[in-house]
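Work through the exercises below with the structure open beside the text. Try each task before reading its solution.

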Amino acid sequence: MRTAIVYCSQTGHTEKYAQWLADELECPAYPYRDRARIDLESIDLLVFCSWFHAATVIGSKWFKRVMAKHSGVRFVLLATGATPMPGGGWSEEKDIEEAFERSFPKADYPGLPRFYCHGGFDFNRLGVADKVMMRMFFRMNEKRADDPKVEEMLDTMRQSFDGTRREYLEPVIDCIRSLQNGNTDE
């Protein structure tokens with residue numbers, strides 16, 4: 001199955017996941033700005049790697065148009081974010097699912113495999129508008145700093161962090177391998 005990856009990355013964390021996937025799947029990974037280079041008529045599977053910004057998947061409008069126009073292509077969505085992986089006490093699967101529902105409701109995209117991987121945060125690599133928004137976010141949450149989770153989150157984000165782990169991709173790779181082997185139940 002001919003596979004390609006398109007990725008949106010602001011601070012490099014989503015790009016890292018896309019490159020790991022490309023290495024594992026032995027397929028090309030294209031930055032979002034180069035997405036027009038992909039001949040969508042010649043691929044069977046497109047993996048879109050992006051990130052959550054204000055609980056919305058960046059590039060989702062483009063990805064929706066591609067899915068609507070290329071019904072013969074299989075699609076997989078991987079979104080990253082600063083929220084740690086579920087199960088560590090910080091986030092619940094329902095929180096991440098709610099964020100996915102904003103951009104890709106299951107009712108509208110019932111067969112779209114969606115995955116979340118913990119990304120990272122690097123304040124210095126943000127654009128100007130995002131830096132302003134993050135400063136406001138810090139100020140708002142400093143009022144709740146008596147909550148140990150909020151205080152830890154603020155400390156972590158102020159220092160920047162890389163939460164990427166190659167093993168987070170295992171379910172994504174399993175799904176893609178299944179699709180490549182002709183399983184349509186994903």
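**Exercise 1.** At roughly what angle do the axes of helix 1 and helix 6 cross, and within what distance do they come? Classify the pair.

Solution. The model is a predicted one.
- Step 1: find helix 6 at residues 170-180.
- Step 2: the axes of helix 1 and helix 6 cross at roughly 40 degrees and come within 11 Å.
- Step 3: angles under 35 degrees would count as roughly parallel, and 65 to 115 as roughly perpendicular; helix 1 is therefore oblique to helix 6.
- Step 4: the crossing of these two helices is right-handed.
- Step 5: helix 1 makes the contact with L21, E24 and L25, and helix 6 with V172, I173, I176, R177 and Q180.
- Step 6: sorted by class, the contact of helix 1 with helix 6 holds five nonpolar, one polar and two charged residues.

**Exercise 2.** Describe how helix 4 packs with helix 5.

Solution. 
- Step 1: the angle is about 155 degrees, and the axes lie 10 Å apart.
- Step 2: angles over 145 degrees count as roughly antiparallel, so helix 4 and helix 5 are roughly antiparallel.
- Step 3: their crossing is left-handed.
- Step 4: M134, F137, F138, N141 and E142 of helix 4 meet V150, M153, L154, M157 and R158 of helix 5.
- Step 5: this contact has seven nonpolar, one polar and two charged residues.

Technical notes. Residues numbered from 1 in each chain as written. Predicted model: local features only at pLDDT ≥ 70, side-chain atom pairs only at ≥ 80, totals over all residues. Heavy atoms only, no water. Axes fitted to C-alpha atoms, helices over the stretch in contact; angles between N-to-C directions. Helix = DSSP H or I, 4+ residues; strand = E, 2+ residues; numbered from the N terminus. Left-handed = near helix turned anticlockwise from the far one by under 90°. Contact = heavy atoms within 4.5 Å. Nonpolar A, V, L, I, M, F, W, Y, C, P; charged D, E, K, R; others polar.
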